[in-house]
Amino acid sequence: MKIKTKRIAAMILAAVMLFGVSFSVARCCYMKSRPSGSEEDANAYPTEVFESGVYNPVKTEYAAEYLGTISRRIPETSDGGLERYPQYGVTLSDATQEEKSAILAENASLCASENTYDGMDEDGNLYLGGIATGKKLYRHTAADGMYEGNVRDDERAVTKRITMRSRPAGNHITGLYAPAGEPIKIGLSEEDLKTTGGLVVYIGQALQNGQANNIWAARDFNRMPVILNSMTAKEEISYVGSYLGGPIYVRSVNAGVKFTVTISGAVPYAHYIHGYTTKEEFELCKESSAPYFDMEVWDDAVRHSGPRARAARFDYEQISSAAVLWDKISRVSNQVPSGSNAAIGITFLYDPFVAAGSMVAFVGRSTVNCPLYCMTAALDAESAVNNASDAFWGCIHEYNHHYQRYGFAPGDEVTNNAVSLVSYSLYTRNSANRAIGNANEGNYAVGWDRYTNPSWALKQTLANTGTNSALDGYANLLHTFGATRYLQMTKNGKGSGGADVWYKAVSDATHYDMTYYFTEVLHQTVSESILSEYAAKNYPVFVPVAAIYQTGRSYTSDGAKYYSRTAQPYEIETGENFEIDLKSNLVIPGGFSWRVKNISQPAYGKITEKSDGVYTYIPDEANRESGKIIVTLEITKNDGAFETEDTDIVIELRQKQYKPTMLERTVYTYTDANMYQSPVTAAENDYAGYESVREEDNENPTQNANTDIWVPNPTKNAIMEVRGKFRIESAGKYRLAIRGRYYAALYVSFDGQSYELAADMTNPANDVKFDQTNENNYKDYMFSKGQWVYFKEVLLITSDRSFVGLGIGMFDGDNVNVSYLNAYRNSYYKEEFDSDYFYSRNYAYNYREESGKQTLLSANYKPWDNTKPIDLLFDEDDTNWIHSDRSDISADNPFEITVDLGDTMRANRFTIYGEPTRQYQPKDFVLYGGTDPENMEPIATVTNSVRENNNVAADFAEREIRYYKLVVTDTWAIGQNYRYIAFRCAKFSLSYDGGTLLSPDENIFAYKGGWKLSNRFSTFGHLYEGENATAEFTFTGSRFAIFSCEAEDFDSFEILIDGETAGTAKIDGSGNDTKMAYLSDTLAEGEHRVTIRSKTRFNIDSVVLWKTATNEEERR
């Protein structure tokens, strides 16, 4: 199989969190032009809008190329001769300790180590320290069924070249699978070998820190105890392999470096890297028999890793949606103090072995270990956002064990759930399942979902008379103050907790007096000193209040009113008046009185007062949603212990779809003379000749699916027609079949208008199964994903035993299994739930262009000894440092140097790089500079300099510099006998801090003309390549920069600012790397329109904006 990557087909939104990134770049290669007023030239460019269908704001510095296929050498299967071995997913029953010990010992011999082997050759011969061990790699018996499958012998291996910039820690996906017993070739160039320091290669499931999820002797063996093999490629050509096989991951010994590795002999496996993987590559890799699957959001987010069978039901779009959802979740969680490496994401390992409990988080090792069934739930984004399962809650519960260092007891089983609840409130509609009528106040897939209901959560709190640190106590804060303030509370504790710390954290975030809530509602004990300290702040007293109808409520902070929104609109029946009964459904602690001071009219529909605290909502026929209804409550403490402020409860109502899963049925009755003998004849004659007709819902006293008719009424001389539709979730070949007693027909339509006969069943044998031996009972179709299929079932009623049922089955090869079909009413439409990214992923960018080789002109300096000459400031090694002698640096004895930079440069910063072991940097100094050594002027005078990261910097107005003089009159040699001076070097730079690096997918960019996407190595996983094309954006700020890929097949592009030509950027060259192609001059503050255009081939990798507006509407 030859695989060729082409372009990214579809990505969706992602995002959050601020990352600090600094780049040192060479001088930009662009040419300034005189303004030409040539905006008219833009008319020569195409005006057709280019829509990529792609959105990825996540750094994804990864690219790959499939170079071809190669034949595999299928190894023999063997083992160490034990009587039996554990198989993947099957518990080795009745295993004795002796048997387990033997398996553990043999397993250890299969894994590379300092005692077994650390290298192999292309034939699989094993070596230890370069000496042959006499052993050879083979396919172990226990490899059969590994990861719930096997690589077919006829599966072709590939050669794949991968380029990436490694993350700060952890391993990286290759998308390749090493078949058991087969050597895999690892190729690195001499330069990349030096850059990486070697490449650690993992074969098999691995924790982010490279450890195995091992089984020990005390546990049941439901696979081999260790299924990970780790080896290090230390040469330009190395070979690795595994007796058990598995997915291949790599880690550069030196982190954060860019390198290219070529891997040969492995087979592709199904995988998805958000922002990079194309639909074409995804579909081709999905055809591979390799039994593994990975989904990853590259930059500090998440990886879901496990058997391919657990992800097989999901297509490209569904996996993309799952990636987006988990990225949103990760951005929220990353706001909370972390117990794992905050710079890398969390890996989910789905495994038949779980190290502790039903699932477990390896905090500190950036990994979650879940049972196999959880993988399907974690990837099912649609179910997760509508009515999340217990398995999905389990996954996010374990994920957030890595982000829970706050609250009453950081690290318990509660604070992580509260972080999960934040994501549920922001990114799911689970709260829409709340309803009055039972103790759970709704119909939820799992009990955890109840906490999305502000009313239910507060009721749990008020029912608890003991010390309360349960989830409801945190939920009340979330539902009052919203996600931003709640997450600020989690940060305020700085990773610690306890009642005092949490009290302060909550009070500081909300500016409310939390004494009543903590001591009287939660029954917590807070130190008197803390209570007194915060009582002096005179914050308003916080009193929790909630209603089941609410989507949010008001709170005040420093005199301003804000509104939270943590729940979806409360759903009501369509077309029916709805009673808002606050008298019965307002939840408030005892000891308070309340009254409604005001209730606002909604945007749609009307509110009328029924009685005190009870209102009627009259819905709008044209709008399902009411819009906001603001209920202002006056709340009074009955004993007058304290005053309370008015509170607004925000109510939003939404009309449900009308009976979406209740199908419609028409019943025709006939006289004996007019009764039809065939359902087909009746349908084709439009049921003519009936005696009576009635429309009704397809309700039955018993049924297997809602498409069934059972126990008909009347019981003879009647025909029933049931109508509905269903949606195809996966493209493929399907069989539609009917079963029944005694005469029934099925009609199918693809537009809801024109129907064709699909089945005409006669069943005198009284069989109730789907009889597929008779072709009259079914019809096969090719359906596409997302297609709606309409149907009519026609049942001839000849007795009370007459029935009909509809079934569907998807073909697996030539096999098909038909099962009951549940369908929708014809009026139903699929409602897509979408949510905005609450936290945008913002990458801070600092531009820095430094001076180069310098030449000393004169100096006033006395070295410590002959090992510390002044020349060390100007040599090629910036880690060398000077150190003055035992005489004080002072105004009378200043340290002075006069220096030539070699070329004139523009600069605005002077940095003195200190020596970490000698903190004797300049404290007071004057910096002179200019382009004439005889006419320098003071450009910076510094007193009590600030030391940051051992360095001292002086900023000044941007100007041209070639010569400078530094005069130091005091140093930071405090506590020493003398005022020494010591530092490594000093450099000028042109520095622009405070930029924001943006993906080219951001919606501020408008593309027109000949654009396409490519998968070259780039910052965000793909480039925008243009020819005879333009890109335009508007921003408010003072400067911008454009990054592009420099390569031989590109030429240049022109930049216009506010309609005037500003320059041309050249990007032709052999670098094949991303560079800053254009940096603007300082722009006047205000809004600017930038146009990038070219008739020849060019590209855009990313854009940096300085002091741009932070209006969130500008981002998706």
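The side chain of Lys160 makes a polar contact with the side chain of Tyr66 at 3.2 Å, where a polar contact is a pair of N or O atoms within 3.5 Å; within protein, one must be able to donate a hydrogen and the other to accept it, and residues adjacent in sequence count only if both atoms are side-chain atoms. A polar atom of that Lys160 side chain also sits 2.7 Å from the backbone oxygen of Thr174. All of this comes from a predicted model, in which local features need pLDDT of at least 70 and side-chain atom pairs count only at pLDDT 80 or more, while totals for chains, interfaces and linings use all residues. Residues are numbered from 1 along each chain as its sequence is written, and side-chain values use heavy atoms, with hydrogens and water left out.

Lys160 belongs to strand E10, residues 157-165; helices (H or I, at least four residues) and strands (E, at least two) are DSSP runs, numbered from the N terminus. Is this lysine buried or exposed? Lys160 is buried, yet has no salt bridge. Buried here means under 20% relative accessible area, exposed means over 50%, and partly exposed is in between, with a 1.4 Å probe and protein chains only. A salt bridge would take a side-chain nitrogen of Lys or Arg within 4 Å of a carboxyl oxygen of Asp or Glu. For Lys160, the nearest side chain of opposite charge is Glu281, 4.0 Å away; on the charge count, Lys and Arg are positive and Asp and Glu negative, with His and the chain ends not counted. Leaving aside residues up to four places away in sequence, Lys160 touches a list of residues including Tyr62, Glu65, Leu176, Val261, His271 and Glu281, contact being heavy atoms within 4.5 Å.

Further along, 4 strands make up an open, antiparallel sheet in the order E41-E38-E43-E44. Two strands pair if DSSP finds at least two bridges between them. At the edges are strand E41 (778-783) and strand E44 (819-820), each pairing on one side only. Strands of a sheet, in general, pair through backbone hydrogen bonds, either parallel or antiparallel. Strand E38 (residues 732-741) and strand E43 (residues 803-810) share 8 bridges in the antiparallel sense, and Arg735 stands opposite Gly809 in E43.

Another glycine of strand E43 is Gly805, which counts as buried because its relative accessibility is 0%. Its contacts, again not counting residues up to four places away in sequence, include Thr707, Asp708, Ala737, Ile738, Arg739, Phe770 and Glu793. Asn766 is 39 residues from Gly805 in sequence and 14 Å from it in space, C-alpha to C-alpha.

How buried is strand E32? With 4 of its 5 residues (614-618) buried, E32 is largely enclosed by the rest of the structure. Strand E28 (residues 578-581) pairs with E32 in the antiparallel sense over 4 bridges, with Asp581 opposite Val614 in E32. Strand E31 (residues 606-611) is likewise antiparallel to E32, over 5 bridges, and here Glu609 stands opposite Tyr615. The hairpin of E31 and E32 has 2 residues between the strands, and Gly613 takes a positive phi near 80° there.

Most residues other than glycine have a negative phi, and most peptide bonds are trans. Against that background, Lys494 has a positive phi near 55°. Lys494 is placed in the loop between helix H10 (471-492) and helix H11 (499-510), and counts as exposed because its relative accessible area is 73%. Asp558 has a positive phi too, near 50°; its place is the loop between strand E25 (550-557) and strand E26 (560-563). Asp558 is likewise exposed, with a relative accessible area of 64%.

Cis peptide bonds turn up as well. One joins Asn713 and Pro714, with omega about 10°, and Pro714 lies in the loop between strand E36 (692-697) and strand E37 (718-727). A cis bond also joins Arg741 and Tyr742, with omega about 5°; Tyr742 is in the loop between E38 and strand E39 (743-749).

As for cysteines, how many disulfides does the structure hold? The count is 0, a disulfide being a pair of cysteine sulfur atoms within 2.5 Å. Cys985 counts as buried because its relative accessibility is 3%, and Cys1045 is also buried, at 3% relative accessibility.
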